[in-house]
Amino acid sequence: MLEGAELYFNVDHGYLEGLVRGCKASLLTQQDYINLVQCETLEDLKIHLQTTDYGNFLANQTNPLTVSKIDTEMRKRLCGEFEYFWNHSLEPLSTFLTYMTCSYMIDNVILLMNGALQKKSVKEILGKCHPLGRFTEMEAVNIAETPSDLFNAILVETPLAPFFQDCMSENALDELNIELLRNKLYKSYLETFYKFCKNHGDVTAEVMCPILEFEADRRAFIITLNSFGTELSKEDRETLYPTFGKLYPEGLRLLAQAEDFDQMKSVADHYGVYKPLLEAVGGSGGKTLEDVFYEREVQMNVLAFNRQFHYGVFYAYVKLKEQEMRNIVWIAECISQRHRTKINSYIPIL
Amino acid sequence: MAAPDLRAELDSLLLQLLGDLEELEGKRAVLNARVEEGWLSLAKARYAMGAKSVGPLQYASHMEPQVCLHTSEAQEGLQKFKVVRAGVHTPEEVGPGEAALRRRKGPAKTPEPQSSEAPQDPLNWFGILVPHSLRQAQASFRDGLQLAADIASLQNRIDWGRNQIRGLQEKLKQLEPGAA
């Protein structure tokens, strides 16, 4: 691919880049968040959201309004925007956008399998699946009993097929194995996506590769933290870490041996980027590790818009929109539970 | 029974009643705090895991309870409630009390010999690698359960105390019909 995206990018992708930048400008501002935080009920929240770019998206909802309904409608709206981009895209942007949907597909597959374990009806779960991760074979997922079953019978035609190499086994799908399957699929997906961006080269690689490396490192830290005190062994834990990123390979080896939060923190001390993040955990604000990582992700995604002629703006827009949805859901939960002490723990974007 | 004895008993019952009321207030406030904390931790878990990952999709419509309510009668008409882990053999009760095992959720069954399978931790419904906030929520709700049983016992004791006081006051009136 010739360098010099400035010369060729706009031919195929200029319209969509303009569109996504317009969408990004309509994200909620700090003033909008201040208005939302002052709402007393969810109905107030709905009225305030009508004045933003969200408009009347909750108009068809029956009473009573719940946080879950707000979340579902926001997701539908994002899905509508994304599908517009997808339908109007050309290669290689369409492959890039397909990669973006794979993470939601993995979540949906796991949701369906867990539902099968709990003997839920497929229709009930299909209603709650992420719309961005829809694929035609979804209804059949609950029939599979082992990962190889799942692959051979159902997922071999979907974009998820290449991610199954490490996951083929005859083990029955119980909770531990489903969790391992989820993390291995995601690891495979991240590595493939990273390779795609790197091979594409040009500005896209310069913007996307650091973002994906951060994602890999973040998964390593979170998997480690959540595995303390569970039945997951250290060897199993190490197989779940993606094999790229700043932590690869020495940091990952150290992380695999960590047994508590302080040991994890000492691993992070070796990396200039992660040392201040882990130190901000806890403290007076009561921030969790997930919070500090979300903040850093928002910073990186906002910076992606400073460069032109690359696909990273699409990825960054979807991630920023998701953070905005998380913020609104958090504020809505605090309002509906009438517990307003932590209502300002959202992450402002613009 | 002589009037001064009755009065002394009435006084002590009244004092105990007031003490119980104060304890009840305190326990109610703590229960409210725990339940609020639990729900907020669940909201934090949804923030970290995704809004649809912590919800009704994750649990089955029929579930085996992890804890059972154990009622025992200490004195005539006074019942005590205790929360007991399911699957643990309750010790033989020696004395006048009658023990009954009541299940809080699920179909009502006569007490059966305990099954050898250990009850599964509900935390695993949400996956093996769950965020810390979900564990905190579980701990808050567990504390709340204990408190709920204590509050039920206290309320029972307060009602029983009030009945006793009323009974004693009747007796006093009969003994001293002219007394103010």
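A salt bridge is taken here as a side-chain nitrogen of Lys or Arg within 4 Å of a carboxyl oxygen of Asp or Glu. The model is predicted, with local features requiring pLDDT of at least 70 and side-chain atom pairs pLDDT 80 or more, while totals for chains, interfaces and linings use all residues. Residues are numbered from 1 along each chain as its sequence is written, chains are lettered from A in the order in which they are written, and side-chain values use heavy atoms, without hydrogens and water.

Under the salt-bridge rule, 2 salt bridges are found across the interface of chain B and chain A. A:Glu333 pairs with B:Arg46 in a salt bridge whose closest N and O atoms are 2.7 Å apart. The largest share, 8 residues, comes from α1(B). This side divides into 15 nonpolar, 5 polar and 5 charged residues, with Ala, Val, Leu, Ile, Met, Phe, Trp, Tyr, Cys and Pro counted as nonpolar, Asp, Glu, Lys and Arg as charged, and the others, Gly among them, as polar.

In contacts (heavy atoms within 4.5 Å), 25 residues of chain B meet 35 residues of chain A. The two chains bury about 2,800 Å² between them, 59% of it on carbon and sulfur atoms; buried area is the accessible area (1.4 Å probe) lost on being put together, summed over both parts. In chain B, the most area is lost to chain A by B:Tyr47, B:Lys52 and B:Leu129, together 32% of what that side buries.

Key
Helix = DSSP H or I, 4+ residues; strand = E, 2+ residues; numbered from the N terminus.
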